[in-house]
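Q: I would like to go through this model with you. Shall we begin?

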Amino acid sequence: MDPTKAATKPDAPRKGAMDLVSSLHGSIWGRYLLCLLLAGVLVTGKKYLLEPLSVYETNRLWTYDLIQKVLALGSSVDTPVAVVNIADIDKEPSNNLSPSDDPAEQQAVSRQALLNIFERLAPAKPKAIAVDVDISAGLKGNPTSVQDPEFLQHCREFESKHGIPIFLGVDRHAADTEDKWLGVGYSGMAVGLGIGNDLYQGKSAEMETRLDSVLRMFCWTQVDGVPTRLRSLAYGAGKVARPEAAELGPLLSWAIEAESNFNPARSLKTRGFLVDYRLIDTLDRSRISSKSLKQPVEADDKRFHGKVVLLGAVRTETDDGRPLKRTDDLFRIPGHSSLYSGVLLHGCAVDTLVRAPLRQWTPAGRIAADFGLTLLANSLIELLIWAFSREKHPHKHVFKIFWSVTALTILVLGLVVIPFVGTIRLVWDDAIIVAAALILHTGIDHWLVRAVHRREHHNHEKPAPKPEPEPEPQPSGDLKE
């Protein structure tokens, strides 16, 4: 081979990234593959780059705030929960020998006063009675009240006589074995008083806003090394009033869940559920004072008949303006600026479980929803592009189609997340992030389409290289003139 010819032969064009994009863009399946690849990059970026940032958590809290306000628009006075305020109930000296800074903490709620309330409520046949008071023994193992052994036995007799379950609070020994909750033989009445949003307690300006702890309440808690699980007050009482499962079955349980794992502490195993707080002001306004229950209530008393009755101290603010402590039992909740007593939060949690549990995406369901929305938008885009393909200049409609479909998808997403959340009961708390990802996806896709069109137009207008002329044959030396 002539080396001069090899030197002048043009190089074969190299296949670059845009050539690959251009070739994929030439078929509908190629465009779907590009769509999936782009969606995968965005979902991965959201998972590993955005979620660890505080702005992501803040956005979810803000969305949950908004959802709570929308749920509150449909509030009614009808609730399956009744709250009895026992802040003014009789007290007795506490048998708790551990030191305390606050003399009031040395006083225990009178066990006989609680039994009297139980008996006065019995004619109305409530679904259950739950006491938001720590009945467990002191830190040194002594009963908090000298009346506790007899009180627990009377509670068991009350359950047998009236068929009304009694739930008694446990806090000091919530991390111990079941024989220390209320004593041997009484674990069936024990419920934990811990609230999932414990870190959301105190003055509004000082509250931590850890996402999992704000949005969920405990189903149960289990400490490492302890074989038993302690049900929460809301979960125990709520399941009595509505025993059927909250999950949607195997077809949807992989994607949507009513209960989920979360880890408020390293040594704590637990599951939690989202709480609908829309009735918290209704519960606060309609609370009944224990002093008003001086006589047995009527059998048809609508305040208590067929409801879960919660007994607990209700306050709104500390009287002396001192910094709040955990023992003050006051919390701030999403969508509200006021502080609320723990028993009201328990009441909302019971109401949520009895009415209709709130649901959320599982990690797999959240990813599937992200991809599903992207593919749905892409399918609609492909359909509209095909519909306009018969026109003389179909490309002029492409970008209008892209952005119109994106706007429509975001509108549908907003309708699902906000106005109909009370109907579908699905809390999509990172929907705004998903909407932003859809806009970013369309913007990148828009840019890619323009780049492909520019490249195709340039290649079409570029003149083909002229072939080099063949060299004329040289006369042979053997020829004679």
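Q: Is Cys35 buried or exposed?
A: Cys35 counts as buried, because its relative accessibility is 3%; buried means under 20% relative accessible area, exposed over 50%, and partly exposed in between, with a 1.4 Å probe and protein chains only. This is a predicted model, in which local features need pLDDT of at least 70 and side-chain atom pairs count only at pLDDT 80 or more, while totals for chains, interfaces and linings use all residues. Residues are numbered from 1 along each chain as its sequence is written, and side-chain values use heavy atoms, with hydrogens and water left out.

Q: And Cys219, buried or exposed?
A: Cys219 counts as buried, with a relative accessibility of 0%.

Q: How many disulfides does the structure hold?
A: The structure holds 0 disulfides, a disulfide being a pair of cysteine sulfur atoms within 2.5 Å.

Q: What about the protein as a whole: how many helices and strands?
A: The protein has 14 helices and 16 strands. These are DSSP runs numbered from the N terminus, with helices (H or I) of at least four residues and strands (E) of at least two. Of the 481 residues, 46% are buried.

Q: How much accessible surface is there?
A: The accessible surface comes to about 26,000 Å², and 59% of that belongs to carbon and sulfur atoms. The areas come from the Shrake-Rupley method with a 1.4 Å probe; for residues, only the protein chains shown count as cover.

Q: New topic: in what order do the strands of the open sheet with E7 and E11 run?
A: The order is E8-E7-E11-E10, 4 strands with antiparallel pairing. Strand E8 (230–231) and strand E10 (260–261) are the edge strands, each pairing on one side only. Two strands pair if DSSP finds at least two bridges between them.

Q: How many bridges join E7 to E11?
A: Strand E7 (residues 216–223) and strand E11 (residues 268–274) are joined by 7 bridges and run antiparallel. Thr221 has Thr270 in E11 as its bridge partner.

Q: On to charges, then. How many salt bridges are there?
A: The count comes to 16 salt bridges, where a side-chain nitrogen of Lys or Arg lies within 4 Å of a carboxyl oxygen of Asp or Glu.

Q: Which residues does Glu51 bridge to?
A: Glu51 forms a salt bridge with Lys46, with 3.8 Å between the closest N and O atoms. The side chain of Glu51 also meets that of Lys47 in a salt bridge (3.9 Å, N to O). Glu51 is partly exposed at 26% relative accessibility, Lys46 is buried at 8%, and Lys47 is partly exposed at 42%. A network of salt bridges links Lys46, Lys47 and Glu51 with Arg366, Asp370, Asp429 and Asp430.

Q: Where do Arg355 and Asp351 lie?
A: Both lie in helix H10 (residues 342–355), 4 residues apart, about one turn of the helix. The side chains of Arg355 and Asp351 meet in a salt bridge of 2.6 Å, N to O. Arg355 counts as partly exposed at 29% relative accessibility, whereas Asp351 counts as buried at 2%.

Q: Last one: where is Asp176?
A: Asp176 is in the loop between strand E5 (166–170) and strand E6 (190–192). Asp176 is partly exposed, with a relative accessible area of 26%.

Q: And what does Asp176 touch?
A: Leaving aside residues up to four places away in sequence, Asp176 touches Trp181 and Val226, contact meaning heavy atoms within 4.5 Å. The C-alpha atoms of Asp176 and Thr228 are separated by 8.8 Å, the two residues being 52 apart along the chain.
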